[in-house]
Amino acid sequence: MIVRKNMGRASPLLLVLLALGFFFASYNLLTMIMHNRGSSLGNWMTDDLNVFYPITRMTDERKKMGKNDLKFHVALTATDAPYSQWQCRIMYYWYKKTKDMPGSGMGGFTRILHSGNPDSLMDEIPTFVVNPLPDGLDRGYIVLNRPWAFVQWLEKVTIEEEYILMAEPDHIFVNPLPNLAHGGHPAGFPFFYIKPAENEKIIRKFYPKEKGPVTDIDPIGNSPVIIEKSQLEEIAPTWMNISLRMKDDPETDKAFGWVLEMYAYAVASALHGVQHILRKDFMLQPPWDLEIGKKFIIHYTYGCDYSLKGELTYGMIGEWRFDKRSYLSGPPPRNLSLPPPGVPESVVRLVQMVNEATANIPGWDVE
């Protein structure tokens with residue numbers, strides 16, 4: 001096995017800078033959530049169906065097609081950093097546990113490792129190693145490696161399944177996930193902060209008027225998305241090129257910030273004439289989504305901070321907390337303390353699922 005020569009520990013200063021960067025990015029998103037909660041999605045998405053069809057003819061088409069029983073391949077992009085590794089291990093544990101449950105459409109699994117060399121998880125998680133972008137091209141925005149990773153993976157491997165789920169390390173399968181896509185219509189999750197129509201001036205740099213109205217661009221990122229393999233093979237190179245062009249444009253880079261690559265995927269899909277079925281039930285995001293219900297994926301991107309009375313403290317460090325960014329340099333310990341009484345079901349379940357995974361993954365505490 002090839003071992004990376006530069007896999008030494010990150011310096012304390014680097015970890016502090018990373019933590020600060022994550023904090024400010026999270027704070028901005030928390031502010032947007034508090035400002036938009038209860039208003040943005042409600043304008044155009046029906047709560048009773050938990051699903052929105054971006055093209056009117058799709059409702060009838062979907063009724064005719066019924067369920068999609070074709071399997072999808074689970075693919076997530078990752079680095080060899082400890083922060084990425086421990087999340088991938090938990091994600092893969094829950095993939096294995098839910099894969100064969102009734103209602104699941106999951107097929108195979110691949111961790112697409114875009115660090116350029118094998119790492120310590122090669123024997124634990126099915127992994128395909130690809131190259132990162134050339135030095136300096138990502139300009140410190142490591143997410144730009146995601147589309148490039150998918151381009152390489154799709155070019156070099158044979159995937160048995162006809163569909164692909166693009167997932168992330170901080171996803172946990174909380175219910176068996178069926179194939180939510182239908183034919184040429186992928187399934188995606190609508191993010192309230194992806195607003196193409198409100199950013200038309202910038203979007204038009206990459207999506208010219210002759211292509212159609214900006215409302216044709218879905219309010220999504222690339223993950224979670226279930227999409228036909230053939231569609232992703234066409235979209236991925238465009239997604240990569242749009243991402244790099246957006247990063248190279250100062251106005252776009254400033255406006256889109258940490259969600260730039262998400263906008264790039266949305267624009268690239270629209271350029272190929274692809275529109276997504278938007279599924280609110282695809283994913284929940286504690287602490288803002290309070291109940292699990294029939295949703296399929298827990299996305300634990302936000303910090304969960306509470307007082308001992310079970311009150312959310314909104315971006316302030318709580319007396320009880322769970323935040324993945326507390327574990328940048330290594331995995332969380334086994335048997336994390338459960339939230340105090342009054343904390344929503346979604347947060348309690350998240351911690352319970354993390355604890356179950358860490359209790360059952362061999363060598364969890366071994367660095």
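**A ring pair and its helix**

Reply: Phe-109 has a relative accessibility of 6%, so this residue counts as buried (under 20%; exposed is over 50%, partly exposed in between, with a 1.4 Å probe and protein chains only). Keep in mind that the model is predicted: local features need pLDDT of at least 70 and side-chain atom pairs 80 or more, while totals for chains, interfaces and linings use all residues. Numbering starts from 1 along each chain as its sequence is written, and side-chain values use heavy atoms, without hydrogens or water.

Tyr-95 is buried too, at 5%. Aromatic pairs number 18, counting Phe, Tyr and Trp rings (the six-membered one for Trp) with centres within 6.5 Å; planes under 30 degrees apart are stacked, over 60 edge-to-face, the rest tilted. Tyr-95 and Phe-109 make a tilted pair, because their ring centres are 4.7 Å apart and their planes meet at 45°. Since Tyr-95 belongs to helix α3 and Phe-109 to strand β3 (residues 106–113), their pairing ties together parts 14 residues apart in sequence. Phe-191 and Tyr-193 give another tilted pair, with 5.5 Å between centres and 45° between planes; both residues are buried. Ring pairs also join Tyr-83, Trp-86, Tyr-300, Phe-322 and Tyr-327 into a cluster.

Back to α3: where do residues of α3 meet α9? Ile-90, Tyr-93, Trp-94 and Lys-97 of α3 touch α9 (heavy atoms within 4.5 Å) at Met-353, Val-354, Glu-356, Ala-357, Thr-358 and Asn-360.

Technical notes:
Helix = DSSP H or I, 4+ residues; strand = E, 2+ residues; numbered from the N terminus.
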